[in-house]
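Colleague: Could you walk me through this one? I have not looked at it before.

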Amino acid sequence: MPMAEPDREQSGMSQDTAKEQAEYTPPVQPDFLREKIKQKPVNKKKLIRRTVITVVMAVVFGLVACFTFLVLEPVISNRLYPEEEAEEVRFPEETVTEEMKPEDMLVEEEKEPVVEVVEAELGDEQIDKIMSQLLSQVKFGLEDYQLLYEEMAELARTAGRCVVTVTSVVSDVDWFNDIYQNEKSASGIIVANNGKSILILVSAGTLGGADSIIVTFCDQAKVNAELVQKDTATGLAILSVPLVSIDEETMDVIDIADLGSSNNSSLLGAPVMALGSPMGTSGSVCYGMVTSVGTVIDQVDSAYKTIATDIYGSRNATGVLVNMKGMVIGIIDNVNTSNDMGNLLTAYGISELKRTIEKMSNDKERAYLGIHGADVPKEASEELQIPEGTYVKEIEMDSPAMAAGIQSGDVIIRVNETPITFYNDLLTVLYNARPEDTMTFVLMRQGHEISLEVTLGSR
């Protein structure tokens, strides 16, 4: 009993303490002690400005990176993988005698001792009797004809290794919106190998507007080609086929054309072969003979000559004329054929074309003067006291020659320090010149010497 009183007192005290704590109210905090977190307001102008600056810097960085890559990548590639430069195409100068003369056909196996022949007068009857005896001993049968044509066919196959077929492909859309392709073909020849590409000479008439150009070699291998340059005067073009796109098997079969001479006097009456498409179809071959040479075609700044044959072919014939040595002497082009010989094959003489082929093969611009010229005839020079030089027959409209004041009837006797004796001398000067070159032309006009400054143009 006496122990219960302290417990009761403690419980009473704890209840009083709890009651006091419950009744206690903390004092109100001052305003300066209250905190409230607010988000920083967004500055839209500043944000847009930073975004624009970032985008611009990214674009500038990308452009600088692209430019640096474009500039340095070829340099690095060339140092790591050096690429060989294309060699300049040059044709050797013609020799005086490239054609086989009749006396060259005689082969002396053994030299016989010289025997003095005593001349004796023979009558006509004796001569006829001797000739008939000789002819009776000569026998020429069908087998001989067959052997002859087999030799010519073999020569055609050998020379045909340089002949190619060029096909231009043009895509178009018909009335029903269906895509179709037109193809045109022409025969050309391989004229050079510059170390990077095979160069092909072909008529440019089939290449107009071509979407793609396909070259078919003699082994029927097909590769794509690109146009290098055209010549508006002759209508010829040079194509390029990269060596990396040609198989080794094809390289072992094809050959570069051996360009001969078309200025030999012995060419008239000589047998020739037409290879390529003389009958209008690829791979055709024709035999015949040369009927005329040396006809000059009246074209601006040129003196191309034609070769006419008795070969009956197509009006659309293309290809080359080859002599009995397998050398190319002409590029077939019936554009210059007269109307009364419409289907007889004619060709540009290869001698006058060589310089043009060189320029086109090296993709060099040709200087343009704009005259139709000719040699001063020897008779006119002696009788009329006209100096030797280039006689100006005609002037092209709006040409450098017209702008400088050159007129029809003038005789050009000197260009700079180079004397001009023949028209070919002037063509040589133009061949070695470049567009925009300024030259001093000295000419004779009605007995007076005139000097003119001419700035050449571009063809």
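Colleague: Which residues make the nonpolar surface patch?

Modeller: In this predicted model, the patch is made by Phe140, Leu142, Tyr145, Leu148, Tyr149, Val285 and Tyr287, and its area is about 740 Å².

Colleague: And which elements give two or more residues to it?

Modeller: Those are α4, which spans residues 142–159, and β8, which spans 284–296; the largest share, four residues, comes from α4.

Colleague: Where is phenylalanine 140 found, then?

Modeller: Phenylalanine 140 lies in the loop that links α3, residues 124–137, to α4.

Colleague: Changing topic, what is the order of the strands in the closed barrel?

Modeller: The barrel has six strands in the order β7-β8-β9-β12-β11-β10, and their pairing is antiparallel. On average, neighbouring strands of this sheet are turned by 40° against each other, with direction ignored.

Colleague: How many bridges join β10 to β11?

Modeller: Three bridges connect β10, residues 318–322, with β11, residues 328–332, and the two strands run antiparallel. As for a particular pair, leucine 321 has glycine 330 in β11 as its bridge partner.

Colleague: Which strands does α6 touch?

Modeller: Helix α6 packs on the sheet and touches β9 (305–312), β11 and β12 (344–349), while its direction makes about 50° with that of β12.

Colleague: Is that helix mostly covered or mostly open?

Modeller: Helix α6, residues 350–361, is mostly covered, with eleven of its twelve residues buried; among them are Ile350, Leu353, Ile357 and Met360, and also Glu352 and Lys354.

Colleague: What comes just after α6?

Modeller: Aspartate 363 follows there, and this residue takes a positive phi of about 55°.

How values were computed:
Residues are numbered from 1 along each chain as its sequence is written. This is a predicted model: local features need pLDDT of at least 70, side-chain atom pairs count only at pLDDT 80 or more; totals for chains, interfaces and linings use all residues. Side-chain values use heavy atoms; hydrogens and water are left out. Buried means under 20% relative accessible area, exposed over 50%, partly exposed in between (1.4 Å probe, protein chains only). Two strands pair if DSSP finds at least two bridges between them. Axes are lines fitted to C-alpha atoms, for helices over the stretch in contact, and angles run from 0 to 180 degrees between N-to-C directions. Contact means heavy atoms within 4.5 Å. Patches are made of residues with over 30% relative accessible area and no salt bridge: like charges are joined within 9 Å, nonpolar side chains (Val, Leu, Ile, Met, Phe, Trp, Tyr) within 5 Å. Accessible areas come from the Shrake-Rupley method with a 1.4 Å probe; for residues, only the protein chains shown count as cover. A salt bridge is a side-chain nitrogen of Lys or Arg within 4 Å of a carboxyl oxygen of Asp or Glu.
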